Amino acid sequence: MPPGPAVRAALTWELADGAVAVVTFDLQNESVNKISRTVKDDVLATLAALEGDRAVQAVAFFSGKRDNFIAGADIEEFVRLTTAAEAERLSADGQELLERVARFPKPIAVGIHGACLGGGLEFALACHYRVASDHAKTQLGLPEVQLGILPGAGGCQRLPRLIGARAALDIILAGKVEPAQKAFRVGIVDELVHPAILRDVTLDAARRLAGGWRPRRKRPGGVVAWLLDGNPLGRRVVFRAARKQVLRQTRGHYPAPLAALEAVEHGLRHGIRAGLKREAQLFAQLAVSDVSRKLVQIFFATTALKKDFGIPNPPAPGEVRRLGVVGAGFMGSGIAGTAIAQAGVDVRMKDADLPRVAKGLAAAREILDDRLKRRRITKYEHARLVALLSGGADYAGFGGAELVIEAVFEDLAVKQQVLREVEETTRPGLVFASNTSTIPIHRIAEVAARPERVIGMHFFSPVARMPLLEVIPSARTSPGVVSTAVAFGRRMGKTAIVVKDSPGFWINRILTPYMNEAGYLLAEGVAIEELDGLMAEWGFPVGPITLLDEVGMDVAEKVAGVMHAAFGERLAPAPAFAAMVKSGRLGRKAGKGFYKYAGGKKAAVDAGVYDLIGVHPNGGTRPAEIIQRLVLMMLNEAARAVAEGIVRTPRDGDIGAIFGFGFPPFRGGPLRHADDLGAARIVGELERLAERYGPRFAPSEALRDRAADGGKFYP
Ligand code: 3HC
């Protein structure tokens, strides 16, 4: 008999047509299914009951959640672990449970609909047959390394045995989550079906398995796959290449991928039992590491931001079905293409003349083409989405828009002009958003007939890839407009932080002093490659000079000018920037900047730049000092901005920096990093730098106060 409600934590079962037990996993009072100690006990008790019941010949396993299968092990449980020994026990317990599943005397088929991640996929891998729905919500993967750990419930053993070492490493080392279609293609899933028949197909498979049928699995990839995966020699090549790639990508800052590689390799070489043991040991070391703690904090912060509208008692967001985009340049087309691809809204673009509009439409369409190429959407969906995009040289088609985002030149008068024009041609309930990166929204809204409908939505370049959105209400913006902007940003796949209306908002406020300092260092004779190399080593995706080339020197100069005017000498730009713009070295988009560009690809440093700025590399400044100056300039300004309430919480500030410009995630963000260093130490170092290089390094009040009372940004 199925266990009664009093003893059940999450699993229930019933006998379907007298032979197959249908088990449903539905964790009470939780929006997703996750595997905790109590769930493990429940699974064991259920398995014991199913084994003992003679009527049960096979098992079909489903989730009771609407769009979630199993989200993995309960992350809250493993962050409470304090010792590696405890963590190893937790991993070993999970492995034992899944061994019991794998060796269960009656066949188990799973019907997967919704996210099947981490321990959830490890569970599915231990079952004997996997059917998945071909629904967009059905995603399978092992995202553990993104949390600084590794698949610790047998995933490092079972996945390579199922799909080959190469394909498994591809998923495990990057912490990839794949749509069901891809999971089917690589062989993780045995059958892919419409959600409406998931249950029937899974039950049928369970029945056939009970009747002695065994699925024949052919590993995809043919001869090449066999040569590389099917024998120890080929595998050694695979592992060597993977290790090299991991080291190149992580620069030694993230231990999890290397540990996962070791767990997979150990298991393939010494057998599954030894592999599981090594996997548990490595999981344990990672689970209590500082890097994992930081990455888990980022996960919870991001999750919390999914439901945080940034204002108290947020009204329901307004519906957006039609979007107008003014300015068909790089940002405008990125916003248009991403809005269609992610939110499926109708987009009308406008620019001054038709050739510009045509260029913008083509660029927006490229985003959709790219999705098709990467098989994220079908040909049919692609055609449907392309039809949502249109544009013109006037405001025709803007009348029905609920939201207009302007992405025109970063100039107050130009933006105000656009705002006036848009207000004249659209309905009163329209939300007008400016994609300004620096200009305060209240300044733009000065000319508005309806200033309460004006807000900032600052996207980052390239829009399709950068995950952050800064939402900036002015003091007059109505709360419903804030909700609408945040909700629409989320529909576009962005993590939105609501920030205060002040020049540069949060991201450019803390990035500007960092970029300026790079300019000063350059002018002192630090080599371009050295600057970039050191900061990439420190953990940024690219160094400051490459970032300038990517952003564009004209844009950077404009930002620097606004910030200088607003905050004075502390944020005075390095003279090198103006010289670059004057000589047309605008960066990647111009084909020349600090670096040369050949065929759209970054090539060597352009040595001519040194003549232009009148100094040549002299090796004078020590690497440690270069890093310190760049980092502390940013931390000092971040502390000041927090004190001014530019971000509502240190959490928003850190997530903004990580998602906005790639502040190293393993350092937790600038404010966590400041806490780790300690305010007293930072203040001491800033004072020394101020003595040597001038008052721009003077420690902020916010840091001084914390240094005095030992306080931290995070309590
Ligand atoms: N553990 C604990 N809580 C989790 C969780 C997990 N694995 N996955 C999701 N949650 C929680 C979220 O924190 C959130 O809690 P809240 O409502 O109290 O704020 C709630 O579930 C809903 O989550 P989302 O708001 O993120 O819901 P979405 O529908 O947007 O996304 C999801 C669902 C895709 C499952 C997403 O939550 C996600 O990616 N979760 C993490 C998946 C993951 O990393 N799994 C691996 C875990 S580690 C592991 O399995 C180790 C094993 O190898 C031993």
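**Close-up views of helices, patches and salt bridges**

View A. Leucine 227 sits in helix H9, which runs over residues 222-229; helices here are DSSP runs of H or I with at least four residues, strands are runs of E with at least two, and both are numbered from the N terminus. This is a predicted model, in which local features need pLDDT of at least 70, side-chain atom pairs count only at pLDDT 80 or more, and totals for chains, interfaces and linings use all residues. Residues are numbered from 1 along each chain as its sequence is written, and side-chain values use heavy atoms, with hydrogens and water left out. Together with Val223 and Trp226, Leu227 makes a nonpolar surface patch of about 350 Å². Patch members have over 30% relative accessible area and no salt bridge, with nonpolar side chains (Val, Leu, Ile, Met, Phe, Trp, Tyr) joined within 5 Å and like charges within 9 Å. Areas come from the Shrake-Rupley method with a 1.4 Å probe, and for residues only the protein chains shown count as cover. Leucine 227 has a relative accessible area of 47%, so this residue is partly exposed (buried is under 20%, exposed over 50%, partly exposed in between).

View B. Look for arginine 236 in H10, residues 232-250; its relative accessible area is 44%, so arginine 236 is partly exposed.

View C. Arginine 207 and aspartate 204 meet through their side chains at 3.7 Å, N to O. A salt bridge here is a side-chain nitrogen of Lys or Arg within 4 Å of a carboxyl oxygen of Asp or Glu, and the structure holds 50 of these salt bridges. Arginine 207 and aspartate 204 are about one helical turn apart because they lie three residues apart in H8 (residues 198-210). Arginine 207 is partly exposed at 34% relative accessible area, and aspartate 204 is also partly exposed at 34%.

**View D. A salt bridge between two loops.** The closest N and O atoms of arginine 321 and glutamate 402 are 4.0 Å apart in this salt bridge. Distant parts of the chain, 81 residues apart, are linked here: arginine 321 is in the loop between H13 and strand S11 (322-326), and glutamate 402 is in the loop between strands S13 (389-392) and S14 (403-406). Arginine 321 is partly exposed at 49%, whereas glutamate 402 is buried at 11%.

View E. H20 covers residues 507-523 and reaches 24 Å between its first and last C-alpha, close to the 24 Å expected at 1.5 Å a residue; the expected span is 1.5 Å times one less than the number of residues. Of its 17 residues, 16 are buried. Glutamate 517 forms a salt bridge with arginine 696, the closest N and O atoms being 2.7 Å apart. Arginine 696 belongs to the loop between helices H29 (679-693) and H30 (701-709), 179 residues from glutamate 517 in H20. Both partners, arginine 696 and glutamate 517, are buried. Just after H20, glycine 525 takes a positive phi of about 105 degrees.

Technical notes: Buried < 20%, exposed > 50% of the residue type's maximum accessible area, 1.4 Å probe, protein only.
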